Amino acid sequence: MNSQMIRQLEFDKKDIHEKKITLRDGRDATLLVHEPTGHGILDSEFWVKEDFYSEQYRDEFSADSDGERKKSEEHFHIYKELNDRQFNLFKDRLTSQTKYLEIGCAHGGIVSRVNDFGVEECHVVEPNIKDSNFVKYKNPNAIVYNSTFDDVDLQEDYFDIIVAFDVVEHLYNPKDFLKKCFDLLNKNGILLIAIPNHNDVLLSKYDCNAYQKFYYHKAHINYFTTQSIVNLCQSVGFAGYVDSFLDYSFFNNVHWQQNNKPMSSADKAFISDVTKDDDINEFYKRVEREHEDLINSKMLGGALIYTGVKENV
């Protein structure tokens, strides 16, 4: 399986070296690192099975660091601020005639904003049955496929924009996934994907051993860098670029550095009013904006945003 993934990514085996890592569940593991790009591949010995995402993923990976499972509706509220910022990344590309497809919509925080915007068609693919049922309830006009992307049958040359946040890093076949996206888009259609950044500032610039162990986990097979995601998307025909996206707050980084552990819940990792004084809160928000600009200028955000256009038709 390792060799198959290396071929998919079009890496030369001689450029691969092994790095010893510790996974979030405490197991020692091996990461295969592509020297020219910095891309990491989790050794296939540690990959989860594909049916893991239909139910078990949400049980193990939730908004609470202590592992308590959150319901879809709770996630919908916890990630409100983040989903607003994610939607803002592409909302200017939407019109009332847009045919929209989102892959791996989870609790539907982004698709709800798309649906409220008023596109012509809103399609979403989500393998988790509880999340997909919640999305149907919140968005009765959306077409929801409770399926993996591999198994869903969709019309080619049809969609104006395809969006996938935090999906590609989970895949056994990322190139096949991107090729299917390419085929489903119409001419000059837009692909926007978000993936964790293997140059994440906490991973690459802080001396925080606990975060090193928290960052790598069994559900992520690929750890992309700017160059590796551009190369992969280009290999299937997309022309595009990458931006850095700082998903969590300055205070989250400080908390990791001072306490060597994550915040108790994801909602505490987003910027909010932290005092009873408006002037002090505004000061903190200015610090947050300056920090965000600095981190993104260095391409060190927690996520990379790839935006590509279907040109080769």
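In which helix is the place of N296?

Modeller: Please keep in mind throughout that this is a predicted model. N296 has its place in helix α12, which covers residues 278-297. The relative accessibility of N296 is 17%, and because buried means under 20%, this residue counts as buried. Its side chain makes a polar contact with the side chain of S244, at 2.7 Å. If we leave aside the neighbours of N296 within four places in sequence, the residues it touches are S244, F245, L246 and G301.

Two of these names lead us on to a sheet, since strand β10 spans residues 238-245. This open sheet is formed by seven strands, in the order β6-β5-β4-β7-β8-β11-β10, and its pairing is mixed. Strand β10 stands at one edge and β6 (143-145) at the other, each with a single partner strand, so one side of each is left without a neighbour in the sheet. On average, and with direction ignored, neighbouring strands here are turned by 15° against each other. Within our sheet, strand β8 (residues 185-196) and strand β11 (residues 303-310) run antiparallel and are joined by seven bridges; in β11, G308 is the bridge partner of L191.

Helix α7, made of residues 174-184, packs on this sheet, where it touches β4 (99-103), β7 (159-165), β8, β10 and β11, and its direction makes about 150° with that of β8. The helix α7 also packs with helix α10 (residues 226-235), at an angle of about 55° and with the axes 9 Å apart, which makes α7 oblique to α10. The crossing in which α7 passes α10 is right-handed, and the contact is made by P174, K175 and L178 on the side of α7 and by L232, C233 and S235 on the side of α10.

There is also an open sheet of four strands, in the order β1-β2-β3-β9, in which the pairing is antiparallel. Its edge strands are β1 (16-22) and β9 (222-223), each of which pairs on one side only. Seven bridges link β1 with strand β2 (residues 28-34) in the antiparallel sense, and H17 stands opposite V33 of β2.

Terms used: Residues numbered from 1 in each chain as written. Predicted model: local features only at pLDDT ≥ 70, side-chain atom pairs only at ≥ 80, totals over all residues. Heavy atoms only, no water. Pairing = 2+ DSSP bridges. Helix = DSSP H or I, 4+ residues; strand = E, 2+ residues; numbered from the N terminus. Axes fitted to C-alpha atoms, helices over the stretch in contact; angles between N-to-C directions. Contact = heavy atoms within 4.5 Å. Buried < 20%, exposed > 50% of the residue type's maximum accessible area, 1.4 Å probe, protein only. Polar contact = N/O pair within 3.5 Å; in protein donor to acceptor, adjacent residues only side chain to side chain. Parallel < 35°, antiparallel > 145°, perpendicular 65-115°, else oblique. Left-handed = near helix turned anticlockwise from the far one by under 90°.
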